[in-house]
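User: Please take a close look at one strand and its partners. I would like one connected account.

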Amino acid sequence: MDSITGRVKEIISSRLQAIVKEIKHLTSVPNDAERLRAEIDHVKGIVDHINRGLNWKGRQPLAVVRHWVTTQEQIVKSAEKVFLQYEENKHRRLCCCCPHCLLVIRSSRKIRNALAEIDDVLKMKDSEFPKNGDLEEPPETPVQPMGKELVGAFVREKLSELETWVLEDDSVRVVGVYGMPGLGKTSLLKQINNNEKDRRLLLILDDARTSIDVSNLGISLSEDTIKVVVTSRDKEVCRSMRADKMIAMKHMSEEEGWELFCRGAFVAGEDQSTDREIESLARTIAKECKGHPLTIKTLARTMPQLHSSTRSEWEYILKEIKAIDPQFYRIDEEILREVFAPLKHSYDALETDELRLCFLYLAAYREDEEVDADQLIQLWLVEGLVRTRFEGRYVFLKILADRCLIDIEVKEENGLDIWKLKIHDLLRGMAIRVAEIDHNSSFRAGQSLTWFPSFARAISVRISVMHNRITCLPENFDCTKLVTLLLSWNTIEEVPEGFLEYLYMLTVLDLSNTPIKFLPKSIQYLNELLYLQLSNTQIRVLHDQTFKLSRVQFLDLSFSPIISIPSMIKKMKRLQILKLAHCYDLEFVSPDISQLSVLEELDMWKTLFAFSWEFETAEELKKASLQDVCKLYHLKRLRLTLKSPIKERTVGNLVELQELWLLWMPQVRQTHLPTDMRTMHNLERLHLFDCHIEGTPDLFSELKNLNYLKLKSSQLLITLSGLGLGRLSHLKEIEIVECLLLTELGEEFARKGCFPRLRKLKLWMLSSLDSLSSSVEEGALPMLHTLAIFHCMKVKVLPWGLDNLKSLEQIRGDKKWWNEISWEDEEMKNHLHPKYVEIVEIHDNCHV
């Protein structure tokens, strides 16, 4: 009997456990169903991402990818059917053992089975897909379209040069042609190849990616009959192949681009005068290609026929191009294949992920913007893409320029080469798409956005919406993977507390040139923040939470109404750059600024707060002094305003200083500079404003690395003689401005052996200067390139022998001064007059 009872209990227990298990499953059905819907969306998102990437690259998927896509398609369809069945049944009332209850139980089992199948599909993807992320078949080599006749004076000129070097000039063995894809390199080669000659004597290497040793092909360049022409996207390839001559391909002019566009868009002989408005729209469309030949030809072939189209069609096309920007090119497979694919290959060919990301960063800026190289490199540094500024400028930027991915323009300002970068719109469009697809980055600068965009997803890593009209930010923004956020040049007045709360990984935050008045206290959660850009905002006070960001390396408050830099600044122990220039309301700086032990740059140029050697009142003792600044031993760049003279044994500790700007307030009489300035052996650029030095003997003679000197408004200076400038072997530029008592430069400027590397001498508004020197010795100023004389009206005679300066290329000055010069030697006048360049007004850098 006991055994029977035990068995009954066991059966009942087993049944109860089964019932309990089913009840648990029933109660978890809503959560399981919700998870199923999320997993379905997740898999669809993966497929969509794969398809977008493949369409973008114009490639076919690998066999394993095609198999996986087919498999998941079947499983997702089945899972969607299960979910729909659950949705139909979930609102029906349940009761014990009723048919509806049984339906839900079956739905629960089906949902669990569907979740398991999706899990298997995801595991299959992880195990079978290539680990390097390449999901497409290798690309076919793109074929560049070839017209019957080359368009453009520049291309025809380069063809003529190429023909001369290949067919006539026996001293030329190797010719290199380089430029970004689509500029006509291959077209030049085809023209040469079609030329009547002995083709056995010419080796053509088209689109070389690396240097090729032609001796491995059995070719000896020592033979007079052999010529090699190589084209490449990389200037370095041509150089490494020891090209005797090189041709850099460039973009077409607007008229040349229009001529090429017409050839592709309009039927030969078609009357284009029927609708001038359509022609105007077509010209604007052609202009959008920014002179890129391949883009012009490919886009032209997609245009409607002129005789059968309407103005509204052309208006729509233009609107799409301007509004959608790079995405426009995705709507036409021909443009995608022929234009974007080769550009993408140039990007893929970059050697490292860091270099590729450095290039993509340029897409964060608006169209046609000149990007300051130093600003960009600072962003690279804080993201860890480069190790030093030198590497960023002279390695990474050089590589990108040589690969024709960027253009660099060098502008000289205050003794420095300022690098300005530009990227062609086509490359920018490609970079935007690559950044979006491969790096979860959303770059939408300069698109007239009025709201913070919905594309800023939770998985975004970098977001740039600079130069828009965004007025407010969302109250909550859950984007835990975000590293870089660029919001400058918008009309944002407030950053909500919840906006920053979950940005745990944020490294770069740029709110410059916005009217925000304060930062939210939630900024304290940005524990990874390294770069905080707040210049030209309306911030008057930074609360303590901001200074708790101990990892910040870069802080810029220039041109802001900030009133105080409190003692809490010492918490930013890793701060390397602190910019406070033109803070006209800044009243207080704590002495604890001296505890920023790794600070390399302090910029307090033209601030209300001025430094003094010592303070007399108890209230002033609470403020930072010049002595506190001079404890920052690792400073490399320093710009200060002073309200007292610098005394001896003050600045000698700043031995790493490379650039020094000092501005004395009007009432200060600094007649002699401290002799311990001579210990600044690393100093390269020195700017002294309103320093009333009478002349400190040999003051500059020991600054061996000084290459730039600017003296402005030194009202007691009579001569430059005796300062020791002539012996500085690295000095390249001297600029003297508004020194009203200066009557002479000194005979050093005319003697042989002095100023061996001086390239530029600029003299501005020197009302007492009556002559440069009596005569210039043979061999004096051997490298002088530019002599600028502006508003020095007493200088009526140029020194004899000035025309013998072999390196002199420019004499710059206003027209009235030049016309009043008295020439003692007509031959010298004839020699120098072609070198004169008229200056209409004073250069801006005189009023820094």
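Analyst: Leucine 686 stands opposite leucine 709 in β21. This is a predicted model, where local features need pLDDT of at least 70, side-chain atom pairs count only at pLDDT 80 or more, and totals for chains, interfaces and linings use all residues. Residues are numbered from 1 along each chain as its sequence is written, and side-chain values use heavy atoms, with hydrogens and water left out.

Strand β20 (residues 685–689) runs parallel to β21, with five bridges. Two strands pair if DSSP finds at least two bridges between them. Helices (H or I, at least four residues) and strands (E, at least two) are DSSP runs, numbered from the N terminus.

Now the cover. β21 spans residues 708–712, and five of its five residues are buried. Buried means under 20% relative accessible area, exposed over 50%, partly exposed in between (1.4 Å probe, protein chains only). Both faces are covered. Tyr708, Lys710 and Lys712 lie on one side. Leu709 and Leu711 lie on the other.

Cysteines, briefly. The structure holds zero disulfides (pairs of cysteine sulfur atoms within 2.5 Å). Cysteine 479 is buried, at 0% relative accessible area. Cysteine 630 is buried too, at 3% relative accessibility.
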